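Student: Please take a close look at one part of this model, the strand pairing, and follow it out to the side chains around it. Keep it plain.

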Amino acid sequence: MPKKNDSIVETVQVIDNQEACIIGNAEYQLFMIPLQGWKNQLVVQPTGLHPESEKCAVIIAIDQFTAGEKMYITLQLWKKGKETFPPEELSLIDSIVVNENSLDIQLKDGEKKTIRF
């Protein structure tokens with residue numbers, strides 16, 4: 001998220017018992033919530049990383065990886081302007097089932113999605 005005229009605003013909300021990070025500038029907001037695998041997340045503000053501005057913000061998900069396989073899943077949403085994210089937009093996922101070659105995602109509105117890999 002590039003720093004524009006205003007500073008970058010960072011907020012944390014608890015959604016479905018998970019901490020979600022939201023960062024925003026005057027033009028956009030980015031929301032990220034770890035759905036599976038991640039232990040924590042934080043926002044860093046590096047310099048020289050973003051092509052549009054010298055300063056920016058990045059949400060980083062963190063975990064201590066050990067040997068074996070583990071599925072990492074996050075939900076990221078963006079929105080123009082400074083509109084707030086209503087709770088129903090942030091709490092979209094009812095359940096996730098990890099299969100050998102796919103994910104079955106049940107949304108709270110009843111819709112089902114399958115991601116194959």
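Tutor: Two strands count as paired if DSSP finds at least two bridges between them; strands (E, at least two residues) and helices (H or I, at least four) are DSSP runs numbered from the N terminus. The model is predicted, so local features need pLDDT of at least 70 and side-chain atom pairs pLDDT 80 or more, while totals for chains, interfaces and linings use all residues. Residues are numbered from 1 along each chain as its sequence is written, and side-chain values use heavy atoms, with hydrogens and water left out.

Start with the open sheet of four strands, whose order is β1-β2-β3-β6 and whose pairing is antiparallel. β1 (9–15) and β6 are its edges; each has a single partner strand, so one side of each has no neighbour in the sheet. From one strand to the next the twist averages 20 degrees (axes are lines fitted to C-alpha atoms, for helices over the stretch in contact, and angles between N-to-C directions run from 0 to 180 degrees). β1 and β2 (residues 18–24) run antiparallel and are joined by seven bridges. Within that pair, glutamate 10 has isoleucine 23 of β2 as its bridge partner.

The other open sheet to follow has three strands, again with antiparallel pairing, in the order β7-β8-β9. Its edge strands, β7 (93–98) and β9 (112–116), each pair on one side only. Neighbouring strands here are turned by 15 degrees against each other on average, direction ignored. Five bridges hold the antiparallel pair of β7 and β8 (residues 102–107), and isoleucine 96 stands opposite isoleucine 105 of β8.

The structure holds six salt bridges, each a side-chain nitrogen of Lys or Arg within 4 Å of a carboxyl oxygen of Asp or Glu. One of them joins aspartate 16 and lysine 108, at 3.1 Å from N to O. Aspartate 16 is in the loop between β1 and β2 and lysine 108 in the loop between β8 and β9, 92 residues apart, so this pair links distant parts of the chain. Aspartate 16 is partly exposed because its relative accessibility is 46% (buried is under 20%, exposed over 50%, partly exposed in between, with a 1.4 Å probe and protein chains only). Lysine 108, at 43%, is partly exposed as well.

Another salt bridge, 2.8 Å from N to O, is formed by glutamate 52 and lysine 4. Glutamate 52 sits in the loop between β4 (40–44) and β5, and lysine 4 in the segment before β1, so the bridge ties together parts that are 48 residues apart in sequence. With a relative accessible area of 57%, glutamate 52 is exposed, whereas lysine 4, at 26%, is partly exposed.

Lysine 113 and glutamate 111 also form a salt bridge, their closest N and O atoms being 2.8 Å apart. Lysine 113 has 40% relative accessibility and counts as partly exposed; glutamate 111, with 36%, is partly exposed too. Elsewhere, salt bridges with shared partners join Lys4, Glu27 and Glu52 into one network.

Glu27 also has lysine 82 to consider: 55 residues separate the two in sequence, and their C-alpha atoms are 7.1 Å apart. Lysine 82 belongs to the loop between β6 (73–80) and α1 (87–90) and is exposed, with a relative accessible area of 59%.
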